[in-house]
Amino acid sequence: MNFRASFCDPFKSDIIEIGSIEQGKIMELFEKIPWSEYLTKMQTAKESEIHYSPSLEIENSDNRNGLSVSVIDGWKWYIFYKRPKLVKRFFGLIEKMDNNYLTEIHEQTENDVRDCLEALMKNDLSFLENKIK
């Protein structure tokens, strides 16, 4: 499987495109990000200096399933799950492929984030679909 990564630094307006990343390096990348340092710095920064919450996006380039994880405070995480999905509209009469279908869950722990990243790396899409509705 092929993966790509990007990062949102709260103090930079442009998203940092990391590019291709080996499957085995995803957790290492997640662990190297100084999440708590960003949050501490954000507490004393002016609102105009902050562009995002610190966020990491990992996408499986082969099937376009991806996760964005964002920390809100020391223990609250948001997890966004993007994937192609056939969605029904107009009372189920019309089906259309939404290539960027997105769901999210809030108030997650760092362990929840790790579980979801592991599931993405293993291509366990049913876990992600059930967890992030």
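This is a predicted model: local features need pLDDT of at least 70, side-chain atom pairs count only at pLDDT 80 or more; totals for chains, interfaces and linings use all residues.
A residue counts as buried here when its relative accessible area is under 20%. Tyr38 has a relative accessibility of 17%, so Tyr38 is buried.

Next, the aromatic rings. The count comes to 6 aromatic pairs. In one of them, Phe7 and Tyr38 are tilted, with 5.6 Å centre to centre and 40 degrees between the planes. This pair links distant parts of the chain, as Phe7 belongs to strand 1 and Tyr38 to helix 2, 31 residues apart. Phe7 has 7% relative accessibility and therefore counts as buried.

Phe30 and Trp77 make another tilted pair, at 5.6 Å between centres and 50 degrees between planes. Here too distant parts of the chain are linked: Phe30 lies in helix 1 and Trp77 in strand 5, 47 residues apart. Both Phe30 and Trp77 are buried. Which residues form one cluster with these rings? Phe7, Phe30, Trp35, Tyr38 and Trp77 form one aromatic cluster.

A charge also meets a ring in this model: the charged end of Lys41 sits over the ring of Phe11, 4.5 Å from its centre.

In soluble globular proteins, nonpolar side chains tend to be buried together. In this model the largest nonpolar core has 30 residues, and Leu56, Ile58 and Leu67 touch the most other members. Two or more residues come from each of strand 1, helix 1, helix 2, strand 3, strand 4, strand 5 and helix 3 (110-122). Which element gives the most to this core? Helix 3 does, with 6 residues.

To finish, take Leu67. Setting aside neighbours within four places in sequence, Leu67 is in contact with residues including Leu56, Ile58, Ile79, Phe80 and Tyr81. Also among the contacts of Leu67 are Cys116, Leu117, Leu120, Leu128 and Ile132.

Methods
Residues are numbered from 1 along each chain as its sequence is written. Side-chain values use heavy atoms; hydrogens and water are left out. Rings of Phe, Tyr and Trp (its six-membered ring) pair if their centres lie within 6.5 Å; planes under 30 degrees apart count as stacked, over 60 as edge-to-face and the rest as tilted. Helices (H or I, at least four residues) and strands (E, at least two) are DSSP runs, numbered from the N terminus. Buried means under 20% relative accessible area, exposed over 50%, partly exposed in between (1.4 Å probe, protein chains only). A charge sits over a ring if NZ of Lys or CZ of Arg is within 6 Å of the ring centre and within 35 degrees of the ring normal. A nonpolar core is a set of buried Ala, Val, Leu, Ile, Met, Phe, Trp, Tyr and Cys residues joined through side-chain atoms within 4.5 Å. Contact means heavy atoms within 4.5 Å.
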